[in-house]
Amino acid sequence: MLPICDLARQYQTLKPEIDAAVTGVLAGGHYIMGPNVKAFEQELGAYLGASHAIAMNSGTDALHLALRALQIGPGDEVITTAFTFAATSEAIGMVGATPVLVDIDPATFNLRPDQVARAITDRTRAILPVHLYGQPADMGPILELATARGLAVVEDCAQSIGSTWSAPGQPLRKTGTIGTIGCFSFFPTKNLGAAGDGGMCVTADPALAERLRMLRSHGWKRKYYQEILGINSRLDDLQAAILRVKLPHLERWNLSRRRIAARYDQLLADIPGVVVPGTLPDTVPVFHQYTVRVPERDRVAASLKEAGIETQVYYPYPLHLLPIHAALGNLEGTFPEAERACREVLSLPMFPEMTDSDQDGVVAAVKAALSRPAGVR
Ligand SMILES: Cc1ncc(COP(=O)(O)O)c(C=O)c1O
């Protein structure tokens, strides 16, 4: 079976370094808030160009605590996309605020700034763009709206580490350093993945950074001297040690993902009905996923499975049609592009170690599935 993401293959390429890092932590005996966490915060901050990096236990906690640090709570609204992973809106709910969903751009699958503009009310406190699949969202107009209305921008960078955006004539900025707070996930399958859960918030604002440090550790600056309500959301030193081994390889891996994506674009170009992902000008994506639209998506996915190729549907439901968001009152048809994406998207195998022959097999299987008459697997 060709998996959609082959973590075991990646481990083999770095086995001696990862094994040594793990053994080093175990032998050192400093497992919580140890030296690797501090070093990883510095190294990732430097890589991203962020003044402050605060490690957390997961991307979900990073989003949750980012909103808490901004003191967003009951009565407040946060605008985000209807087409994302559940954790994005979950974080908004966790602080007691209301998620206000908007539709997406069909080419990039990211939230549309014109829809964000229409959704702003007196209660809006923040815009929460998601750089889905590693494609940077349309940050220029989002920043303009946020500045004009005094809103925070919390970037969900769970899938976008290393991707960049630039304002016209300005230097490149890594996603996560464009808005007020950037939130990252180190879930194992992410472009920079731990061997368990992990996350990070980055910000240029020292006061927010201090609050985030307190929030992730019981609301104290000085041990046991609790000042605000926090939680326990610390990155394990073991995970930080593994992430430190992997970070120097991230640029090379992202380059490899872009090369594989460009080759997919070429190879899939002449298959009728297949729509390859779009990228905005002035952005450099990192293809956490390579996601196409295909006609009869479920039949194509089943056919690829039979050919020994794993695919995934990220995501089968738009947020507004999930039972948890029923109270928002958004009925079917409210966000037609998000709904259409849920019916049509298919993520194909994508990982840096993937070979041309792995990829040729995927493309041949897509071609074979679509050359059969409708309804025939
Ligand atoms: C878009 C998005 N947001 C948030 C998260 C949450 O990250 P984590 O799984 O580390 O909590 C994920 C991870 O799957 C994600 O893909």
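Trainee: Which residue forms a salt bridge with arginine 259?

Mentor: Aspartate 356 does, with the closest N and O atoms 3.3 Å apart. A salt bridge here is a side-chain nitrogen of Lys or Arg within 4 Å of a carboxyl oxygen of Asp or Glu. Before you go on: this is a predicted model, where local features need pLDDT of at least 70, side-chain atom pairs count only at pLDDT 80 or more, and totals for chains, interfaces and linings use all residues. Residues are numbered from 1 along each chain as its sequence is written, and side-chain values use heavy atoms, with hydrogens and water left out.

Trainee: Where do arginine 259 and aspartate 356 lie?

Mentor: Arginine 259 is in helix H9 and aspartate 356 in helix H12 (residues 356-371), so the pair ties together parts that are 97 residues apart in sequence. Helices (H or I, at least four residues) and strands (E, at least two) are DSSP runs, numbered from the N terminus.

Trainee: What does aspartate 360 pair with?

Mentor: Arginine 263, with the closest N and O atoms 2.8 Å apart. Aspartate 360 lies in H12 and arginine 263 in H9, so this pair also ties together parts 97 residues apart in sequence. Aspartate 360 is partly exposed at 35% relative accessibility. Arginine 263 counts as buried at 18%.

Trainee: And which elements hold arginine 293 and glutamate 344?

Mentor: Arginine 293 lies in strand S11 (residues 290-293) and glutamate 344 in helix H11 (residues 336-344), so their pair ties together parts 51 residues apart in sequence. Their side chains meet in a salt bridge at 2.9 Å, N to O. Arginine 293 is buried, at 5% relative accessible area. Glutamate 344 counts as partly exposed, at 21%.

Trainee: How many salt bridges does the count come to?

Mentor: 19 by that rule.

Trainee: New topic, the ligand. How many residues surround it?

Mentor: 16, and the closest are Gly59, Thr60, Asp156, Ser185 and Lys190. To be near, a residue needs a heavy atom within 4 Å of the molecule.

Trainee: What does a ligand nitrogen atom have at 2.7 Å?

Mentor: An N or O atom in the side chain of aspartate 156. An oxygen atom of the ligand is 2.7 Å from an N or O atom in the serine 185 side chain. For lysine 190, an oxygen atom of the ligand is 2.8 Å from a side-chain N or O atom. The protein covers 92% of the 390 Å² of accessible area that the ligand has on its own. Accessible areas come from the Shrake-Rupley method with a 1.4 Å probe; for residues, only the protein chains shown count as cover.

Trainee: Switching to H8. How many of its residues are buried?

Mentor: 8 of its 10 residues, so helix H8 (residues 237-246) is mostly covered. Among the buried ones are Ala240, Ile242 and Leu243. The buried residues pack against H1, H2 and helix H9 (250-268), where contact means heavy atoms within 4.5 Å.

Trainee: Last one. Where is tyrosine 31 found?

Mentor: In the loop between helix H1 (7-28) and helix H2 (35-48). Tyrosine 31 is partly exposed, at 42% relative accessible area.

Note on methods
Buried means under 20% relative accessible area, exposed over 50%, partly exposed in between (1.4 Å probe, protein chains only). A polar contact is a pair of N or O atoms within 3.5 Å; within protein, one must be able to donate a hydrogen and the other to accept it, and residues adjacent in sequence count only if both atoms are side-chain atoms.
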